[in-house]
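Reader: I would like to learn how to read a structure of this kind, one feature at a time. Please give the general idea first and then the case at hand.

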Amino acid sequence: MSALHLCLIFSTLLFALGLAAALSRSNAILVLLGVELMLNAANINFIAFWRFSPQFASNPHAGVIFAVFSIAVAAAEAAVGLALIIAVYRHYKNVRLQDADQLKG
Amino acid sequence: MSLSLLIFILIAIATLGSAAVALALKNIIRAALLLVVSWIGIASFYLWADAQFVAFAQVLVYVGAISMIVLFGVVLTRRAPVSVVDTTVTPSMRAVAGVASAGLVALAVVWGILGTELPQTSSRAAAPVVDMRAIGLELMGQYAAAILIVGALLTVALLGSVVVASHEEKLMKNEE
């Protein structure tokens, strides 16, 4: 088993933790944190493939720059997610996702 | 077992353990703070993998910014000042189904990874050399369009989140 295998298994387990949280928790903030954890697992995969792939000589910085852009998009996603949670809280006075069951304002 | 492998396993155990405990906790502030530990673990994984630049970005963005956003969200959406917000793991079929499907996904993906031939470049000497100056030059040269698009995306997303979060208040003012 190579180091790349270990990194991929690590990120898979992190992804599964995030997925379990996103599917089974009812607090919207914890669901958002689960989604963030899944994004982090994807970033770990970028870095793992960049570090342990033999072809990095052609463009040595591509993986790093890809991961940085991905982190930037994740930051935007977190801000929008928290804004949605605050909007849901203003409307329902609650952040339980079971209670937020209408699309109509 | 080499030292590098040992460090990796320690990082993985710390990251996965704190994330698992955080996502199973009832107290949401403790969950958010434990997730900060998990994000620091991921940053140390990046350091282990010789991606220092990404490790610093991870610390700045996740440990610094997103954790603050999450704590603001927790504080803004709790009803009583002390009482624990309802964050119980729903003791229902949904929770069982969620954990079971996540476990199935993990099993399927790990099985797929273990059955795949991957390049065997585990030697530490093969680390690609990355210096900040080269990254900066590439960001301003080859990836200039991409960084402009990311900047526009961040601006639009933050403006949009301000609009979304202040929507209800505007309506109430109009009604008054």
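This is a predicted model: local features need pLDDT of at least 70, side-chain atom pairs count only at pLDDT 80 or more; totals for chains, interfaces and linings use all residues.

Reader: How many helices and strands does chain B have?

Author: Helices (H or I, at least four residues) and strands (E, at least two) are DSSP runs, numbered from the N terminus. Chain B has seven helices and zero strands, and its pattern along the sequence reads α-α-α-α-α-α-α.

Reader: What share of the residues in chain B is buried?

Author: Buried means under 20% relative accessible area, exposed over 50%, and partly exposed in between (1.4 Å probe, protein chains only). Of the 176 residues in chain B, 33% are buried. Accessible areas come from the Shrake-Rupley method with a 1.4 Å probe, and for residues only the protein chains shown count as cover. Chain B exposes about 10,400 Å², with 75% of it supplied by carbon and sulfur atoms.

Reader: What does UniProt list for chain A?

Author: UniProt positions are given in the numbering used here, feature names are shortened, and annotations may be inferred rather than shown by experiment. The unreviewed UniProt entry lists residues 30–52 and 64–89 of chain A as "transmembrane region". In the model, residues 30–52 of chain A are 100% helix and 0% strand, with the end C-alpha atoms 33 Å apart. Residues 64–89 of chain A are also 100% helix and 0% strand, and there the end C-alpha atoms are 37 Å apart.

Reader: How many residues of chain A are in contact with chain B?

Author: Contact means heavy atoms within 4.5 Å. By that rule, 73 residues of chain A are in contact with 87 residues of chain B. Buried area is the accessible area (1.4 Å probe) that two parts lose on being put together, summed over both. Between chain A and chain B it is about 7,000 Å², and carbon and sulfur atoms give 75% of that. F10(A), R25(A) and R51(A) supply 10% of the area that chain A buries against chain B, more than any other three residues.

Reader: Which residue forms a salt bridge with R51(A)?

Author: A salt bridge is a side-chain nitrogen of Lys or Arg within 4 Å of a carboxyl oxygen of Asp or Glu. D50(B) is the partner of R51(A), and their closest N and O atoms are 2.9 Å apart. The structure holds one salt bridge over all chains. D50(B) lies in the loop between α2 (28–48) and α3 (52–76) of chain B and R51(A) in helix α2 (residues 28–52) of chain A, so the pair joins two chains. Both D50(B) and R51(A) are buried.

Reader: Is A106(B) buried or exposed?

Author: A106(B), in helix α4 (residues 93–114) of chain B, counts as buried because its relative accessibility is 10%. Not counting residues up to four places away in sequence, A106(B) touches T12(A) and A16(A).

How values were computed. Residues are numbered from 1 along each chain as its sequence is written. Chains are lettered from A and ligands numbered from 1 in the order in which they are written. Side-chain values use heavy atoms; hydrogens and water are left out.
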